[in-house]
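Here is a short briefing to read alongside the coordinates. Please have your viewer ready, and we can walk through the fold together.

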Amino acid sequence: MTIYKDFAQVYDLIYSPAKYLGLIDELFSDYKSTVSKPRVLDIGCGTGSFLIGMHERGWDIAGLDISSGMLNLAEKKLKARNILCTLYHKDMRDFDAEGKFHLVASNFDTLNYILDIKDLEELF
């Protein structure tokens, strides 16, 4: 996924942080958690905008991406806000989550990179 090394630099111009916040507000406006701090894993977390939005709404966050360029930007954005987050530099097809999550999210164009049906079945 070397394309994302360069694409990471313009990703937030295309998928703006505001777009993620709008998505979060739309999906989770009525959500009531049964735990004090639910955990979310964002598969294909990109530059971390969804993670930041979920953190601001009280979630414990973790992100996964195959692109080191995307993760580098996510880490910078998270550190600038003093947000603790576990970031995994892994392929989503063979990732083994540490612990349990209340939500596993995959936003916009992530799963479309899985071109083999067996790989997609393994992911799920």
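In this predicted model, four strands make up an open sheet with parallel pairing, in the order β3-β2-β1-β4. The edge positions belong to β3 (86-89) and β4 (103-105); each has a single partner strand, so one side of each is left without a neighbour in the sheet. From one strand to the next, the twist averages 15°.

**Strand pairing**
- Strand β2 (residues 60-65) runs parallel to β3, and four bridges join the two.
- Within these strands, A62 stands opposite T86 of β3.

**Helices on the sheet**
- Helix α4 lies across β1 (39-43), β2, β3 and β4, and runs at about 170° to β2.
- Helix α5 also packs on the sheet, where it touches β2 and β3. The direction of α5 makes about 170° with that of β3.

**Nonpolar cores**
- The largest nonpolar core has 15 residues, of which F28, V40, F50, M54, W59 and I61 touch the most other members.
- Two or more residues of this core come from each of α3 (17-28), α4 (49-56) and α5, with α4 giving the largest share, four residues.
- Setting aside neighbours within four places in sequence, F28 is in contact with F50, M54, W59 and L103.
- Another core, of ten residues, lies apart from the largest one and includes L41, F95, F101 and L123.

**A lysine to look at**
- K77 sits in helix α5 (residues 68-80).
- K77 counts as buried because its relative accessible area is 15%, under the 20% cut-off.
- The side chains of K77 and S49 are joined by a polar contact of 2.8 Å.

Note on methods. Residues are numbered from 1 along each chain as its sequence is written. This is a predicted model: local features need pLDDT of at least 70, side-chain atom pairs count only at pLDDT 80 or more; totals for chains, interfaces and linings use all residues. Side-chain values use heavy atoms; hydrogens and water are left out. Buried means under 20% relative accessible area, exposed over 50%, partly exposed in between (1.4 Å probe, protein chains only). A polar contact is a pair of N or O atoms within 3.5 Å; within protein, one must be able to donate a hydrogen and the other to accept it, and residues adjacent in sequence count only if both atoms are side-chain atoms. A nonpolar core is a set of buried Ala, Val, Leu, Ile, Met, Phe, Trp, Tyr and Cys residues joined through side-chain atoms within 4.5 Å. Contact means heavy atoms within 4.5 Å. Two strands pair if DSSP finds at least two bridges between them. Axes are lines fitted to C-alpha atoms, for helices over the stretch in contact, and angles run from 0 to 180 degrees between N-to-C directions.
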